[in-house]
Amino acid sequence: MALWLIGLGLHDVEDVTVKGLKQIRACDAVYAEFYTAILGGTGHDALEAFLEKEVHVLPREGVEAGGKDLVAEAADKDVCLLTAGDPMAATTHTELVVRCKDAGVPCRIIHAPSIYAAAPGLTGLQHYKFGRTTTLVRPEANWMPTSPFDAVQENHELGNHTLVLLDIKADESYYMPANEGIGLLLKLAEMTGNDWFNEETQVAVIARAGADEPHVVTGPAGALQGMDHGEPLHCIVVPGGLQVVEQEFWDSLQC
């Protein structure tokens, strides 16, 4: 008996690993959370049909505040929590591992493809040259934190690439588009006095990573801000210093 944290991969039901699929079908209870990321290419009914299991979707508070219930249930049955991407990309799930250890309940992890691997591959950039990832959050009234730009600035100074994730509020069906994200980066750069990041700065937009035909385009921030990048999920890459091969690949994706 155990709590299984299983990744579903990037875009649709067929991204789950064979190992993950076998374990999901073997579990007594199947839960999922889609507030950290979504499977943009698959709806709930299609997910259940493919997995051949009933899937109970939990809200954020059902995992974070009620995570002890999952741990307690896993004390005498096999329970799995499904996530888009890799299950250990979110600190919420790290906390679940700790709760299991404290309760003496085995916790097993089955990894899956995530944006952390896909973004470098889709843009032709070297994985080891990526620095700290940052997440842009939607500004609220009288609140626009500049801290998300800190990682971009730090990585820029080191010559490293930056993966910029975009805000998700699944309960509101809000998935920040890259256009809004680029606009926010430009505003934060202005607010923090980092004029190196401007409308002429090269960036990449990735949309629907994991799909058969993902949208990947590079170009000046101002030009990409004005483009239609289609359905979510989107993310942005701000490159650092480019090697020759990286530059060739990057140039091949220019808008």
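Which residues line the second largest pocket? They are Phe34, Tyr35, Val57, Leu58, Pro59, Arg60, Ile168, Lys169, Ala170 and Asp171. Keep in mind that this is a predicted model, where local features need pLDDT of at least 70 and side-chain atom pairs count only at pLDDT 80 or more, while totals for chains, interfaces and linings use all residues. Residues are numbered from 1 along each chain as its sequence is written, and side-chain values use heavy atoms, with hydrogens and water left out.

**Pockets**

- Rolling a probe the size of a water molecule over the atoms shows where empty space is left.
- Here a pocket is an open set of points on a 1 Å grid over the protein atoms alone, with protein on both sides within 12 Å along at least five of seven lines, and a lining residue has an atom within 4 Å of a point.
- The largest pocket has a volume of about 800 Å³ (the space filled by probe spheres set on the points, which are joined across faces, edges and corners).
- Of its 40 lining residues, Thr36, Ala37, Ile115, Leu165 and Ile168 sit closest to the centre of the largest pocket.
- Several elements each give at least two residues to that lining, including α3 (60-64), α6 (115-123) and β12 (234-238), but the largest share, three residues, comes from α5. (Helices are DSSP runs of H or I with at least four residues, strands are runs of E with at least two, and numbering goes from the N terminus.)
- Sorted by class, the lining of the largest pocket has 20 nonpolar, 14 polar and six charged residues. (Ala, Val, Leu, Ile, Met, Phe, Trp, Tyr, Cys and Pro count as nonpolar, Asp, Glu, Lys and Arg as charged, and the others, Gly among them, as polar.)
- Back to the second largest pocket: its volume is about 170 Å³, and its lining splits into seven nonpolar, no polar and three charged residues.

**The cavity**

- A cavity is a set of points where a 1.4 Å probe fits but cannot get out, and this structure holds one of 30 Å³ or more.
- The largest cavity has a volume of about 40 Å³.
- Its lining is made of Leu136, Val137, Pro139, Met144, Pro145, Pro148, Leu184 and Leu188, which gives eight nonpolar, no polar and no charged residues.

**Salt bridges**

- A salt bridge needs a side-chain nitrogen of Lys or Arg within 4 Å of a carboxyl oxygen of Asp or Glu, and the count comes to seven.
- Arg132 pairs up with Glu154, with the closest N and O atoms 3.0 Å apart. Arg132 is in the loop between α6 and β6 and Glu154 is in helix α7 (residues 148-158), so this pair ties together parts that are 22 residues apart in sequence.
- Arg138 and Glu172 also meet in a salt bridge, at 2.7 Å from N to O. Arg138 is buried, with a relative accessible area of 19%, whereas Glu172 is partly exposed at 45%. (Buried means under 20%, exposed over 50%, and partly exposed in between, using a 1.4 Å probe and protein chains only.)
- Arg138 and Glu172 are also linked with Glu140 in a network of salt bridges.

**A buried arginine**

- Arg208 sits in the loop between β10 and β11 (215-220).
- Arg208 is buried yet has no salt bridge, and the nearest side chain of opposite charge, Glu231, is 6.9 Å away. (Lys and Arg count as positive, Asp and Glu as negative, and His and the chain ends are not counted.)
- Leaving aside neighbours within four places in sequence, Arg208 is in contact (heavy atoms within 4.5 Å) with residues including His11, His215, Glu231 and His234.
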